[in-house]
Amino acid sequence: MLKASEFIDRATRATFVEFTVYNANADMFVLVRLCVETTSSGTVIPTAQVMPARLLTAYRVLAGDGVKGKEYGFMWCEFALYILALGYLVGEVMEWWTVSNLYRKGEHPHGYFYGWNIVDLVNLGLFAAVAVQRMIMIFQISKMVEAGSFTKPEFNVDVQNAVEFGNSVDTMNSINAVICFIKLFKYLDSHPSLGQFTRTISQAQNDLGSFMLVIIIVLTGFGIAFMLAFGHDKSSYMTFSMSFLTLFEGMLGNLDSEMLHNPSILGPILFAWYVIFMIFVVLSMFLSIVDNAYSIVREKMEDSMDEVDPLSRDVGWCLGIPERMVTGILGFFFNLAHRIDRIVPESDDGGAAALEGQDGREGEAKEEEPIEPEVDVDQAMESDEKFVAYTATYKKTIDSLGELKESQRQLNDMLSVINKHLKKVDHPGHS
């Protein structure tokens, strides 16, 4: 029918079919784009692109249009995240202003755009960009709802643009998620073992920076060569960008072995050159640079093994909070048990003390009361008086904990001696 209506003919390069569907159960719009492309050699290459997007969720939450309670929670959490990111962004701008002034005066070794500051700025900048795009998207969706764009039976370009806009927001969020987790290494850098990744990258950054230029040059040359040689009949080399990405996948092990069976002699030759240059030479040099930097970092880490890093100290302090609470509570009962260290049975005369020397003369010293002998704790635990039995039980518990703590200290001392001996055996050159 398309050919009969002269919509397509022999000069047609590509045919596109686009439509938008809506899934009411998931409250999601899906843009489907189908393409059939004919190359110069007559090869037909079909491609398909599916882009889902939840366009109405945020609008329904703000309008109170039949959403569940958790959707309100997600919306408020997202709003709080944007406010927090905005506050941090303002702080980064103020830091940039302060550091720039100090740098101009020569009081700072390098400017603001250095190291982790760049990562922080990109991270917070993406958060700000996503927040602005989300507000623009909600505003556009509200206008489309008022205009009835979602209920029209014909294809609506506004819905297509909104879906593409929503996918761009998701793309920025995906990139920002990786950056957020990479920032964890910023706070783990002070730990000797956990900071090896950042220290290795920092040690090799100069060599890696110049070597990445070598990789890009070689990939660009082979990308153009494969596009010119095979772009007319193979979809993976049809354009320079697709050829570049295909060869990059080959570096990761996904080699296109079909080139070896190409009828033209050019296919096996280019494939062999690419494997020799990229796999055997370039990647080996890349791994050697990283391995050399890692060896230097390991040597520095072994020299500072005896130092206590701030991260381990702070984490140890936080993990020791429950132990300190228990120790404090037991210490209270320990003091109470020591106050009643000598458990004396109640006297028959009601506890009245006989006072001597009451002859009316002032300044005469009183005779001290005799000290009762100590009562065995095990016997006191079997006393009929509850207070005496409880106090003796607490004292027995504290004494046992004291003995256990002393045994643990002796065990730790023994393990420390063993570790020092093992270090001397493993590293005879270190004292």
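**Cavity, pocket and helix packing in the predicted model**

The largest cavity is lined by Phe 226, Tyr 237, Thr 246, Leu 247, Gly 250, Asn 254, Leu 255, Asp 256, Phe 271 and Tyr 274, where a cavity is a set of points, on a 1 Å grid over the protein atoms alone, at which a 1.4 Å probe fits but cannot get out, and lining residues have an atom within 4 Å of a point. The structure is a predicted model, in which local features need pLDDT of at least 70 and side-chain atom pairs count only at pLDDT 80 or more, whereas totals for chains, interfaces and linings use all residues. Residues are numbered from 1 along each chain as its sequence is written, and side-chain values use heavy atoms, with hydrogens and water left out.

Helix 7 supplies the largest share of the lining, three residues. By class, the lining of this cavity comprises six nonpolar, three polar and one charged residue, with Ala, Val, Leu, Ile, Met, Phe, Trp, Tyr, Cys and Pro counted as nonpolar, Asp, Glu, Lys and Arg as charged, and the others, Gly among them, as polar.

The axes of helix 7 and helix 8 come within 10 Å and cross at roughly 55 degrees, axes being lines fitted to C-alpha atoms, for helices over the stretch in contact, and angles running from 0 to 180 degrees between N-to-C directions. Helix 7 is therefore oblique to helix 8, since angles under 35 degrees count as roughly parallel, over 145 as roughly antiparallel, 65 to 115 as roughly perpendicular and the rest as oblique. In this contact (heavy atoms within 4.5 Å), Leu 247, Phe 248, Gly 250 and Met 251 of helix 7 meet Tyr 274, Met 278, Ile 279 and Leu 283 of helix 8. The residues of the contact divide into seven nonpolar, one polar and no charged.

Helix 8 also packs with helix 6 (residues 196-230), at an angle of about 175 degrees and with the axes 9 Å apart, so that helix 6 is roughly antiparallel to helix 8. The contact of helix 6 with helix 8 contains 28 nonpolar, four polar and four charged residues.

The largest pocket, defined as an open set of points with protein on both sides within 12 Å along at least five of seven lines, has a volume of about 620 Å³. Among the 28 residues that line this pocket, Arg 54, Glu 78, Arg 134, Asp 170 and Asn 173 are the closest to its centre. Strand 3 (44-53), helix 1 (57-63), helix 2 (69-104), helix 3 (116-147) and helix 4 (157-182) are the elements that give two or more residues to the pocket lining, which by class has 19 nonpolar, four polar and five charged residues.

Helix 3 and helix 4 pack at an angle of about 155 degrees, with their axes 9 Å apart, and are therefore roughly antiparallel to each other. The contact of helix 3 with helix 4 has 20 nonpolar, six polar and two charged residues.

Conventions. Helices (H or I, at least four residues) and strands (E, at least two) are DSSP runs, numbered from the N terminus. Grid points are joined across faces, edges and corners, and a volume is the space filled by probe spheres set on the points.
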